[in-house]
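The following report is meant for a reader who meets this structure for the first time. It begins with a sheet and then turns to chains, domains and a helix.

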Amino acid sequence: MSMSYTVQRSTKASRVAMTVGVLIVIGLALAPYWASRGDLRMMVEIFYYLALAQMWSLLAGYGGLVSVGQQAFVGLGGYMLFALAAFGGVNPILALVLAGVITALVAIPTAFVAFRLTGAYFAIGTWVIAEVFRLGFAQVSALGGGSGMSLPASIVRSIAESRSGREHLVYWIALAIALGSILMVFLLLRSRWGLAMTAIRDSETASESLGVETYVTKFLVYVAAAGMTGLVGALIFLQKLRISPDAAFSVQDWTALVIFIVVIGGIGSIEGPIIGVIVFFLLREIAADWGSWYLIVLGGIAVATMLFAPRGIWGLISDKWDINLFPVGRRLITEKD
Amino acid sequence: MDWINAIVQGILLGGLYALFAAGLSLMFGVMRFVNIAHGDFIVMAAYGALLAVTFTGVHPLLSMIVVVPGLALMGYFGQRILLNRTLGDDILPPLLVTFGFSIIIQNVLLEVFSADSQKLQAGALETASIQIAEGLNIGLMPLLIFLSALGVIGGLQAFFYRTSLGRVLRATSDDQDTVRLMGADNAKIFGYATAIASAVVGIAGVYLAMRTNFDPSVGPARLLFAFEAVIIGGLGNLWGTLAGGIILGVAQTIGAQIDPGLQILAGHIAFLIVLVVKPQGLFPKMKG
Amino acid sequence: MPEPILQTKGLEAFYGDFQALFGIDFEIHEGETIAIIGSNGAGKSTFLRSITGMLKTQGQDIQFLGKPVGGATAHSLVKQGLAMVPEGRKLFPSLTVEENLMIGAYGRSGSDWTLETIYDLFPILKERRHHGGTELSGGQQQMVAIGRGLMSNPKLLLCDEISLGLAPIIIKDIYEAVPKIKATGATMIVVEQDINQALAVADRVYCFQEGRVSLTGTPTTLTKDEISAAYFGLEAEGAQ
């Protein structure tokens with residue numbers, strides 16, 4: 001009797017999830033034909049929070065980079081969109097893509113500074129950098145200074161003639177960005193970099209001794225996540241049509257809520273942020289008129305999750321049923337023949 | 001004279017920043033723990049002082065009698081009951097739990113006290129000043145805060161180097177594992193460290209309330225100032241933290257002298273420059 | 001026979017899924033000096049870490065001074081009279097020599113071992129008392145570590161590899177202190193890789209091999225062959 005091994009990358013659950021996932025995506029792509037205008041708006045929000053959550057989870061859960069300054073890149077992406085469209089005469093959709101690219105480029109020198117700090121100090125350092133961006137943009141009078149600016153009407157019309165046309169386009173872009181962020185994390189984790197990142201997460205010293213270039217890997221992850229975050233930021237303010245430093249670089253909206261989403265859903269998985277976003281929006285619907293109590297409750301849930309179930313809801317689910325919808329790892333299957 | 005005045009005022013402001021920073025520095029030193037809600041605790045102490053003054057009508061300085069021990073007790077039990085659970089090899093739990101606290105504290109304060117700006121009236125202390133030269137006055141209040149910072153840091157230094165508990169705190173900072181073999185209970189030592197840090201936070205909060213307007217949202221900025229003072233000064237060196245606070249304060253007042261909108265930005269930029277040029281800080285820890 | 005100061009029955013220890021100790025039966029009586037010998041990875045240090053409470057020992061049968069102490073915390077054991085000189089000395093770099101000694105008395109102190117009596121035992125430390133703990137030579141640092149352990153006036157002193165990384169002449173100096181410490185009636189466990197050094201000071205010997213006790217006896221009755229068989233294992237012996 002001999003044994004043979006095969007390395008399996010997909011699981012039964014992941015194949016079922018794939019099929020269901022394709023159906024859901026088709027349904028979502030057709031949403032402009034079945035959903036109300038209000039629902040579409042909310043779904044855009046869900047999509048951009050999902051993308052932000054995937055990026056934060058990628059940084060913290062895999063790259064070991066706990067950032068509380070991701071609002072720097074959201075705001076930068078938003079401002080780049082406005083600057084390119086309003087002053088560069090660039091088509092807003094093209095400006096959106098360029099905003100992501102520029103944000104990634106700006107993240108390179110930013111990383112050189114932020115990476116001088118490690119661990120918890122890195123976290124606060126990223127926050128200082130985000131504040132520098134906020135205060136810096138408030139000084140630029142061409143962009144409206146501290147009070148901000150609106151996207152000129154002529155540019156808004158250049159996106160699409162009708163209001164519903166614009167809204168549908170923004171919706172599809174948001175859906176594409178959300179799916180793109182999931183795909184990006186999925187492909188990154190399946191790549192050679194993914195193995196390196198998992199090694200970094202599991203043990204920094206061990207991975208260094210294994211010859212993994214920790215610094216370079218972290219650097220690239222940070223820059224890639226910044227680019228995607230900048231793209232999301234551009235989308236957010238393309239939907240809002242108005243930008244100001246306080247809104248663009250809000251730590252509460254673009255980092256605190258995102259962290260709560262990831263913590264509650266589960267850090268270090270693709271499924272976690274998806275679940276977290278669903279929980280977050282359900283809670284928001286329930287708590288629509290609780291005022292600040294909503295944030296108190298949400299923060300309380302996140303703190304309790306961190307203390308008692310540090311791997312979040314998805315951690316509880318996957319421990320209990322051993323399922324894995326996004327097979328980023330490799331399973332060794334032993335067969336007897 | 002304007003520039004000299006800006007520098008002098010910046011030095012005095014640095015005293016307040018050093019008070020903000022001392023607690024943060026101490027907690028990181030002993031436990032390798034960074035409290036993201038540090039600034040919000042300072043603001044909470046400021047509201048504590050506001051309550052004490054409102055209910056008793058005493059001078060704001062006297063509110064320290066209640067606020068400082070109150071904060072110390074909260075710190076001790078908060079550390080023992082909640083924060084000790086988050087300590088370990090993983091940096092995520094302490095960061096995310098205290099980040100959650102930050103948002104919770106801001107919103108609770110918002111619900112209880114509203115977003116209105118507050119300030120404690122300190123009477124004659126607020127307006128009194130000493131004239132050094134024509135156009136150069138030193139306010140009595142900023143001077144008092146600066147001298148308090150000197151006193152607090154000197155006191156902490158004496159405590160760390162002259163007492164048995166201080167020695168154990170320093171040893172814990174070196175090696176939390178081996179210190180257990182000396183009969184020290186880490187959980188308790190961490191509680192003491194946070195109690196002391198919180199007492200300093202209490203002092204800082206009362207001075208914040210006396211010196212500037214505050215509202216529930218100003219905590220994060222205080223955290224960043226405290227953090228910058230610690231990093232500029234160099235980790236694990238309390239006198240360095242005072243120097244860091246002064247450098248930050250001077251950078252801010254010089255920035256404000258150029259353009260009032262540049263005050264905070266100038267401080268952040270000074271910090272980033274130090275970070276790039278000398279990431280260990282200007283006065284890194286010395287042995288002995 | 002009086003009750004042992006420390007006794008373990010069937011002690012096991014784990015690092016995650018890896019089992020490092022497989023049922024250690026051990027006892028030491030008042031005034032005894034016991035040497036634990038064994039090669040690298042035999043489980044000697046793990047054994048010390050277990051009885052000092054640095055490793056979790058919930059539900060295990062460990063008696064110290066007649067009381068069950070399985071699962072006790074390290075700091076509470078210090079207060080009950082257990083002190084350890086850890087492997088690699090582990091002095092506190094920010095503390096001076098004298099402060100390193102003083103911190104040894106943090107959890108527990110007494111009148112036999114004080115700064116004065118430690119300085120009598122190791123006079124060089126008095127000269128160097130204001131130096132940083134880790135500025136001293138390796139041998140002097142080891143003296144500080146032993147002194148620090150004694151400062152709690154322990155009922156039982158554990159010394160983990162006190163000769164490790166030191167030159168033979170320095171090891172001799174350090175071990176000269178052991179009889180002086182014994183003369184005060186101290187009870188000691190000395191963990192050593194250096195068999196000769198261990199046999200010279202010990203009343204009894206335990207040899208560990210792969211997490212088990214492979215041999216016990218007194219230095220006078222054990223033969224060299226018995227010890228090397230117990231130390232290296234039978235396979236290694238067969239290969240030689």
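In chain C, 4 strands form an open sheet in the order E2-E1-E4-E5, with antiparallel pairing. E2 and strand E5 (67-68) of chain C stand at the edges with a single partner strand each, so one side of each is left without a neighbour in the sheet. Helices (H or I, at least four residues) and strands (E, at least two) are DSSP runs numbered from the N terminus, and two strands pair if DSSP finds at least two bridges between them.

This is a predicted model, in which local features need pLDDT of at least 70 and side-chain atom pairs count only at pLDDT 80 or more, while totals for chains, interfaces and linings use all residues. Residues are numbered from 1 along each chain as its sequence is written, and chains are lettered from A and ligands numbered from 1 in the order in which they are written.

| Strands | Bridges | Residues standing opposite |
|---|---|---|
| E1(C) (6-15) and E2(C) (18-28) | 8 bridges | C:Phe14 and C:Gln19 |
| E4(C) (61-64) and E5(C) | 2 bridges | C:Phe64 and C:Lys67 |

The hairpin of E1(C) and E2(C) has 2 residues between the strands, and C:Gly16 takes a positive phi near 65° there.

Between chains, two residues are in contact if their C-beta atoms, placed from the backbone, lie within 7 Å. Of the 2 pairs of chains in contact, chains A and B share the most contacts, whereas no contact joins chain A and chain C, whose closest C-alpha atoms lie 15 Å apart. Chain B brings 17 residues into contact with 24 residues of chain C.

Chain A is divided into domain 1 (51-249) and domain 2 (250-323), with bounds that come from an automatic or database domain assignment. The C-alpha centres of these two domains of chain A lie 21 Å apart, and 22 residues of domain 1 are in contact with 15 residues of domain 2. On the side of domain 1 of chain A that touches domain 2, the largest share, 8 residues, comes from H3(A).

Helix H11 (residues 263-277) of chain B has 15 residues and reaches 22 Å from its first C-alpha to its last, close to the 21 Å expected at 1.5 Å a residue, the expected span being 1.5 Å times one less than the number of residues. Its buried residues (20 or more other C-beta atoms within 10 Å of their own, with C-beta atoms placed from the backbone) include B:Leu265, B:His268 and B:Phe271. The buried residues of H11(B) pack against helices H5 (92-114) and H6 (119-138) of chain A, together with helices H9 (219-233) and H10 (238-258) of chain B.

Note on methods: A residue is buried if 20 or more other C-beta atoms lie within 10 Å of its own, exposed if 12 or fewer, and partly exposed in between; C-beta atoms are placed from the backbone.
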